[in-house]
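Open the model in your viewer and keep the selection panel at hand.

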Amino acid sequence: MNAAERRVLIERYREGYAELVAALAEITRDELDAHPFPGEWSAREVAHHLADAEMIGAVRLRRLLAEDHPTLAEYDEQEYARRLHYGRPIESSLAVVEAVRRATSDLLRRMTEAEWARGGAHTELGDYSVERWLQGYAAHCHDHADQIRRLRAAVADAPAGPTQP
């Protein structure tokens, strides 16, 4: 990956929070908590997942930069959702996503070529480079914002009445 390609991904990463906020704009409680697709999270649960993923991702990047060939552990997203009270209000989780994205974007824009060449191992994915980290996290908020839009559209198209997980 060259410097120009990285700049595009860094900008996409930076824009992820705004994309999430746009997807959640004027969301109703019914839209926030609906489960129109079996086995998928609600918009509320997606917001909390993103906060957790951002914190874990930020630590992963910092470990890749500060440690020599670290081993990065996978985590059980479903277990996080079960144990970390994903039914709570989303405002603090949105603040986490915003802060982590801002701080990490700052870091990414300052990295040297030597830092871009660093890597480690991921317990699930194998060899894991800083560039691979960027590719994944640049898309993460956007992908989940699209998921929230699909959830909201499904709720709008559904017959009236509550939905259950």
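This tour starts with the overall fold and ends inside the protein.

This is a predicted model: local features need pLDDT of at least 70, side-chain atom pairs count only at pLDDT 80 or more, and totals for chains, interfaces and linings use all residues. Residues are numbered from 1 along each chain as its sequence is written, and side-chain values use heavy atoms, without hydrogens and water.

**Whole chain.** Show the cartoon. You have 7 helices and 3 strands, taken as DSSP runs (helices H or I, at least four residues; strands E, at least two) numbered from the N terminus. Their order from that end is α-α-α-β-α-α-α-β-β-α. Switch to the C-alpha trace: along the principal axes the span is about 55 × 30 × 25 Å.

**Burial.** Colour by accessibility. Buried residues (under 20% relative accessible area, 1.4 Å probe, protein chains only) make up 43% of the 165.

**Largest core.** Select Leu20, Leu24, Leu94, Val97 and Ile148. Within the largest nonpolar core, of 20 residues, these touch the most other members. Such a core is a set of buried Ala, Val, Leu, Ile, Met, Phe, Trp, Tyr and Cys residues joined through side-chain atoms within 4.5 Å. Next, select H1 (3-24), H3 (43-66), H5 (91-110) and H7 (130-157): each gives two or more residues to this core. H3 gives the most, with 5.

**Val97.** Zoom in here. Which residues does Val97 contact, leaving aside neighbours within four places in sequence? They are Tyr17, Leu20, Leu50, Ala51, Glu54 and Cys141, with contact meaning heavy atoms within 4.5 Å.

**Second core.** Finish with Ala58, Leu108, Met111 and Tyr137. They are among the 18 residues of a second, separate core.

Methods:
Buried means under 20% relative accessible area, exposed over 50%, partly exposed in between (1.4 Å probe, protein chains only).
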